[in-house]
Amino acid sequence: MGKLLDSIDSPQDLKVLSLEELNRLADEIRQLLIRFCRRHGGHLGSNLATIEPIIALHYVFDMPHDHLIFDVSHQAYTHKILTGRRRAYTDPESQEDLSGFTSPKESPYDDFMLGHTGTSIGLACGMAAQRDATGDKANIIAFIGDGSLSSGPAFEGLDWAAEQGGNLIIVVNDNEMSIAENHGGLYKSLAALRASGGRSSDNPFRSLGLEYCYVEEGNRIEDLIEAFRRVKDTDHPVVVHIHTRKGLGLGQGSHGQIGPASMGLSDVNTDHMTSLPDLPAEGPVEANHWQDGLDSFNRLPNSRKTYGRMAMQALEARFPQEPGLMVISPATPLSNGIDPDFRQRAGNHYRDVGIAESHAIAYAAGIAKAGGTPVVATSATFFQRAYDQIEQEMALNGSAVTLLVFSTGVAKTDATHSGTADMVMMRGIPGLTCLAPTSGAEFLDMLAWATGPARQPVVIRVPGERTLATERAGKQIAPATSNPAAESQPWDRYRILQEGRTVALLALGDALPLGRDLADSLEASMGLKPTLVDPHRYDRLDEQTLDALASTHSLVATIEDGQLDGGWGQAVAAYYGPAQVHTLAFGAAKEFNDRVPQATLLEKYGMTVPAMTQAISDALVDQAS
């Protein structure tokens with residue numbers, strides 16, 4: 001009898017097999033995985049538990065029109081084998097070709113590259129939201145287990161799924177194990193459900209408002225097919241709790257559990273908002289339109305609410321034409337100008353996921369993967385809580401998510417809410433385009449680009465109080481760009497705002513007004529007219545402009561409203577290295593401050609105009625001596 005596995009090149013090949021043949025296929029895959037992992041290592045125990053569930057899922061559902069999202073994705077070996085990648089497991093010459101996790105680069109059956117735990121439900125929620133926005137009918141399935149359910153983002157995802165509604169199938173693979181034993185109160189509830197055949201009143205899924213069904217024999221293909229057929233095309237979220245045996249096919253204890261010594265099992269506010277003038281539906285805001293609105297603009301409160309309100313108006317005008325455009329706020333919306341009237345008008349274009357920043361990013365990544373345009377807005381101090389999802393689900397996967405980072409820079413604030421470290425955090429993550437606008441008009445230009453032609457992960461540092469004060473005074477620090485939406489990377493190059501000599505001042509984002517004041521001070525006190533530069537962005541350096549400055553200036557000074565250590569200014573200084581041009585970098589110290597006045601901090605950091613003027617003067621004297 002030939003091997004069934006040799007005839008399986010896609011999930012469609014499963015659908016013609018009998019139940020007996022499906023079971024024989026499972027046995028073949030089990031023996032293949034044991035041989036493979038003993039030779040090459042890998043996550044053997046967890047994958048032996050998921051062979052039958054994955055066969056049943058691909059038998060019942062229609063991937064890749066339906067979507068199967070694995071948590072962590074170290075349980076996806078059978079999925080890979082069934083979706084055209086079996087040679088990587090059977091052919092020794094091909095066995096180094098594949099990632100140990102799912103990867104969209106490998107197959108259209110993989111939606112995400114996933115290697116960290118807890119985000120499958122959030123990603124599935126996002127894909128389901130975009131499906132509903134566009135009227136599609138695909139089933140969205142999150143496959144989570146092997147200890148992942150105790151992860152914080154998984155709880156956040158379950159909580160949101162219950163509110164969102166619509167078709168969403170959450171398969172909880174309960175193999176009674178994680179990398180080691182499971183810990184936490186949740187697993188006591190799972191044990192009670194197992195002991196009662198799924199009938200225990202101690203049911204956290206039903207308590208959240210989710211439908212629930214239980215499959216005791218989670219490695220019995222016929223039972224799994226019956227359960228999955230029952231929930232296919234559901235119109236509401238449902239949890240399918242399957243009891244599987246980790247390490248099935250090897251030496252097991254009474255519950256199919258395996259110990260760490262088993263060979264090959266190492267897995268490895270309430271402020272009233274004044275109306276702004278109407279904004280155009282899309283594209284950049286013209287400078288004259290911006291000036292026309294200054295009367296209303298001057299009546300607005302702080303920078304967070306001012307620029308947040310502007311952003312929401314610009315996005316709202318596009319809602320009728322863009323069903324997938326969505327604003328996501330992990331709580332605190334009003335602080336950032338997302339007022340109740342906007343939230344009511346936005347309808348399904350706005351989602352407050354609660355204090356769940358990790359879920360907000362995973363949710364947004366799911367929306368982006370399905371073709372939507374998500375914008376996540378919150379404070380710098382809260383984005384820290386989602387670092388892993390920004391790095392993994394957003395940047396690593398190239399998800400077209402836009403982050404609006406509010407409340408940044410040196411300010412009098414509680415130590416818990418400092419906004420000075422966001423640039424260090426964001427610029428350290430590969431794959432993020434990090435923008436620092438210097439006016440309201442440029443902010444809206446950047447937002448239009450990020451949520452339009454960019455289709456990449458973008459971070460926009462929302463302008464702060466210096467920029468707001470400058471615009472309220474009617475000053476124009478930097479002219480608006482002409483048509484950024486027409487350029488593929490419109491902020492790659494630095495912009496020279498003032499041509500000068502000897503000294504070049506590179507003032508990033510909200511530090512640009514400070515740079516302008518410093519330029520005026522140098523000219524008044526020293527008769528020196530410096531070059532003034534608006535860098536636009538902080539994730540990369542414009543080496544061409546830096547090289548040009550080095551050839552015509554003896555000193556380059558950077559100013560950033562953020563932490564100096566590990567920041568953008570130090571990157572400029574490191575680029576110049578031992579070159580003839582001398583560098584000075586002005587920024588905040590790496591420290592916690594609790595409600596220290598801003599003026600005191602700026603004095604301490606040498607970021608006042610007199611202090612920076614003196615530092616530049618001293619450096620020029622040293623160069624001359």
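How are helix 21 and helix 25 oriented to each other? The model is predicted.

1. Helix 21 and helix 25: geometry. Helix 21 spans residues 512–526 and helix 25 spans residues 609–624. The two pack at an angle of about 55°, and their axes are 9 Å apart. They are therefore oblique to each other. The crossing of this pair is right-handed.

2. Helix 21 and helix 25: contact. Helix 21 brings Leu514, Asp517, Leu518, Ser521, Leu522, Ser525 and Met526 to the contact. Helix 25 answers with Val609, Met612, Thr613, Ile616, Ser617 and Leu620. By class, the residues of this contact divide into 8 nonpolar, 4 polar and 1 charged.

3. Helix 3 and helix 4: geometry. Helix 3 covers residues 51–60, and helix 4 covers residues 77–85. Their axes come within 8 Å and cross at roughly 40°. That angle makes helix 3 oblique to helix 4. The crossing of helix 3 and helix 4 is right-handed.

4. Helix 3 and helix 4: contact. On the helix 3 side are Ile51, Ile54, Ile55 and His58. They meet Thr78, His79, Leu82 and Thr83 of helix 4. The contact holds 4 nonpolar and 4 polar residues, and no charged ones.

5. Helix 15 and helix 17. Helix 15 takes in residues 357–369, and helix 17 takes in residues 387–396. Their axes come within 9 Å and cross at roughly 5°. Angles under 35 degrees count as roughly parallel, so helix 15 and helix 17 are roughly parallel to each other. Ser358, Ile361, Ala362 and Ala365 of helix 15 meet Gln389, Ile390, Glu393 and Met394 of helix 17. This contact has 5 nonpolar, 2 polar and 1 charged residues.

6. The largest pocket. The space in the largest pocket is about 450 Å³. Its lining numbers 26 residues. Of these, Ser303, Arg304, Ser407, Thr408 and Ala411 lie nearest the centre of the pocket. Which helices each supply at least two residues of the lining? They are helix 13 (303–316), helix 16 (380–383) and helix 20 (465–472). By class, the lining of the largest pocket has 6 nonpolar, 14 polar and 6 charged residues.

7. The second largest cavity. About 110 Å³ of space lies here. The residues that line this cavity are Gly409, Val410, Ala411, Thr413, Ser418, Thr420, Ala589, Glu591, Phe592, Asn593, Leu601 and Tyr605. The lining divides into 6 nonpolar, 5 polar and 1 charged residues. Ala411 lines the second largest cavity, and Ala411 is also one of the residues nearest the centre of the largest pocket.

8. A cis peptide bond. The bond from methionine 63 to proline 64 is cis, with omega near 5°. Where is proline 64 found? Proline 64 sits in the loop between helix 3 and strand 1 (67–70). Helix 3 is the helix that meets helix 4 through Ile51, Ile54, Ile55 and His58.

9. A positive phi. Threonine 332 has phi near 45°, a positive value in a residue other than glycine. Threonine 332 belongs to the loop between strand 6 (325–329) and helix 14 (340–346).

Technical notes. Residues numbered from 1 in each chain as written. Predicted model: local features only at pLDDT ≥ 70, side-chain atom pairs only at ≥ 80, totals over all residues. Heavy atoms only, no water. Axes fitted to C-alpha atoms, helices over the stretch in contact; angles between N-to-C directions. Helix = DSSP H or I, 4+ residues; strand = E, 2+ residues; numbered from the N terminus. Parallel < 35°, antiparallel > 145°, perpendicular 65-115°, else oblique. Left-handed = near helix turned anticlockwise from the far one by under 90°. Contact = heavy atoms within 4.5 Å. Nonpolar A, V, L, I, M, F, W, Y, C, P; charged D, E, K, R; others polar. 1 Å grid on protein atoms, 1.4 Å probe; cavity = no way out; pocket = protein on both sides within 12 Å on 5 of 7 lines; lining within 4 Å. Points joined across faces, edges and corners; volume = space filled by probe spheres on them.
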